[in-house]
Amino acid sequence: MSSTTGVGRTRARPGAFGFLTDTTLCIGCKACEVACKQWNQLPMDDFGFTGMSYDNTGDLGATTWRHVAFIERIADREGRRPARLQPFQSNWLMLSDVCKHCVNAGCMEACPTGAIIRTEFDTVVIQQDICNGCGYCVPACPFGVPALSPLDGKAHKCTLCYDRLRDGLEPACSKACPTDAIQFGPVHALLDRAKARVAELRAQGVEAHLYGDEALGGTGGIGGLNAFFILTAPPEVYNLPAKPELPQRRVLPGFLTSALAALVLGIATVLAFRREKEGHRA
Amino acid sequence: MPELRTWRHRRAPGEPVSAETRESYYGLPVIHGPHWRWPIVFYFVLGGLAGGSAVLAAAARLVGGDWARPIVRVGRYLAFLAMLPGPLLLIVDLGRPERFHHMLRVVKFRSPMSLGVWGLIGFTATAFLSLLRQAATDGLLGRANVVARLARRLPDRILAGASLVPAFFLAGYTGVLLGATAVPLWARNALRLGPLFLCSALSSAAAALSLLLGSRAETARARHAVERVERLALVGEIALLEAVRLGSGPVIGRPLAEGLAGGAFAGARASAMGALALHLLAAVSPRWLGRALRLVASLLALGGAFLLRSSIVFGGHRSAEDPDATFEFTRASR
């Protein structure tokens, strides 16, 4: 948040669609989770209580494509209770997490089968008839979104309701959201709306900021997130990395140092063999 | 079938829930870890062994004289045999093994796994042709039949030169593959893992070859040459192991210092240093002792290659589970 370069900027293409998830409007009803499960016919997860506030979902996964996080900020870093409450939500933070549909997606670049594609809506989708469950997209995502399903062995994640978009419908989660905390639309229009909302919140004294532009969340070659967020606390509090990096940025440098090492080792081997030839002639 | 997801958060007894959400979200992982386990560890070790043997065989064919014939022969057989289980291990590890051929739909230069598939195919081709050529030279294919005559006509030196590139690639790309993920331990060491795996591949292949060449007098010069390569590769390996340890820092490097993966990493360091020390000791020892020391050193180098791959792969699991490490990496990266 210290850097100001790239604030409010994204490399999203003009026709891109995405989500704006405004955590200041979220009431933690989990309608998005339920609507997502219903529409996409996702099986239930482990049924039980986690002991983590009202969050019994825990994490995004192969069968969980929306996850509402609950953060009870009733004490600060030193354990003191806050003297001043945020003017609107009693320091109880809720965030409906989802696949970010990155402008440059690590999962898609990692996929060795071409199963992960960018659609005509500039969303990122795993084609289930292609995926062979190699699992490389899973650690390649800087946000921990895709996961292998133990049920069918393939990788799954949010499709941004590709089937609904094809039919001119908005995604199930944003349709179900009763407070419009989840808004669907063209990324650039949503971004303008988000900037106005952040300015409005700041005027009310709320420390709001955007997560998913090139300054925060969409950093390091990711180029912005098509599904972005308005947060009122540091991203780490919501389990989001502040300045993630596109993992494929390291492919070429990695191959270059390896090639250098191969060259050195090759020369060393040749020299070792040459010395043997001479050494024993004497 | 993998177990259902369970939540293991790290709240100390008596601590309030809010304590967990100050710096991270209940201490839960930020990213999803890989599912790669033993099949991948064994593939990494065997791929390194195969690539390293092919490099040694090719180099021996290109610059070695008659004394280097045993290196060419044993190196080519070992390269092919060590490569054989590789594709099977990779296919077994897939969530949908029957779809392994979907890997052949595309070539993606930014995906080390896609490149790796094609590299493995290239390696298989050169290793198989080298094997045929060697078998024909050794008379294993018979004399007068078509296969033997065709195999004998394969251009030996060109084959050796052509096998160098896929051999080095197979030995090193796995490190680049790990580096191109969001796992903090691997990502932080993205520039070092490829060279480290290359050094380990060459040292383990040289160790295996020196063991296979045996202690006969007619292979003594070949064994000396291979052991010289082993010592050089071990020096590089030790330097890179230290670079990985120190370059990871206290938070991201935690999996290399603690737990089973940490133990394996310490074992890998000790094996590499021990192997090098024994080789040096053998040089100043009487002949009968030197032979025993070199044997132990080669076994240590082979074991070290296995410990290294296990510690890096399983250390990556620990690293992905640690939100502190992820946040350290995503805060510091710019």
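Before the first selection, a definition: two residues are in contact if their C-beta atoms, placed from the backbone, lie within 7 Å. This is a predicted model, where local features need pLDDT of at least 70 and side-chain atom pairs count only at pLDDT 80 or more, while totals for chains, interfaces and linings use all residues. Residues are numbered from 1 along each chain as its sequence is written, and chains are lettered from A and ligands numbered from 1 in the order in which they are written.

**Stop 1: Leu209(B)**

Select Leu209(B) and leave out its neighbours within four places in sequence: its contacts are Ser53(B), Leu56(B), Ile71(B), Val74(B), Gly75(B), Leu78(B) and Val226(B). Now zoom out to the core. A residue is buried if 20 or more other C-beta atoms lie within 10 Å of its own, exposed if 12 or fewer, and partly exposed in between, with C-beta atoms placed from the backbone. A nonpolar core is a set of buried Ala, Val, Leu, Ile, Met, Phe, Trp, Tyr and Cys residues joined through C-beta atoms within 7 Å. The largest one has 194 residues, and Leu209(B) is among those with the most contacts inside it, as are Cys107(A) and Cys137(A). This core takes at least three residues from each of domain 1 (17–245) and domain 2 (249–282) of chain A; the domain bounds come from an automatic or database domain assignment.

**Stop 2: where the chains meet**

Colour by chain: 83 residues of chain B are in contact with 72 residues of chain A. Which helix gives the most to the side of chain B that touches chain A? Pick H9(B), which supplies eight residues. (Helices, H or I with at least four residues, and strands, E with at least two, are DSSP runs numbered from the N terminus.) By class, that side of chain B has 47 nonpolar, 24 polar and 12 charged residues. Here Ala, Val, Leu, Ile, Met, Phe, Trp, Tyr, Cys and Pro count as nonpolar, Asp, Glu, Lys and Arg as charged, and the others, Gly among them, as polar.

**Stop 3: chain A and its helix H6**

Chain A has seven helices and 10 strands, and its C-alpha trace spans about 90 × 45 × 40 Å along its principal axes. The C-alpha centres of its domain 1 and domain 2 lie 47 Å apart. Buried residues make up 54% of its 282 residues.

Next, select H6(A). Its buried residues are Val187(A), Leu190(A), Leu191(A), Ala194(A), Val198(A) and Leu201(A). They cover an arc of only 100 degrees around the axis, so they sit on the same side of H6(A); the arc is that of the directions from the helix axis to the C-beta atoms. What covers the buried residues includes strands S1 (17–22), S8 (182–186), S9 (209–211) and S10 (227–231) of chain A. After H6(A) comes Gly205(A), with a positive phi near 90 degrees.

**Stop 4**

Most residues other than glycine have a negative phi. Ser53(A), though, has a phi near 50 degrees. Find Ser53(A) in the loop between helix H1 (31–40) and strand S2 (66–72) of chain A; it counts as partly exposed because it has 19 C-beta neighbours inside 10 Å.

Bring chain B back and select Tyr26(B), in the segment before H1 of chain B. Its phi is positive, about 55 degrees. Is Tyr26(B) buried or exposed? With 24 C-beta neighbours inside 10 Å, Tyr26(B) counts as buried.
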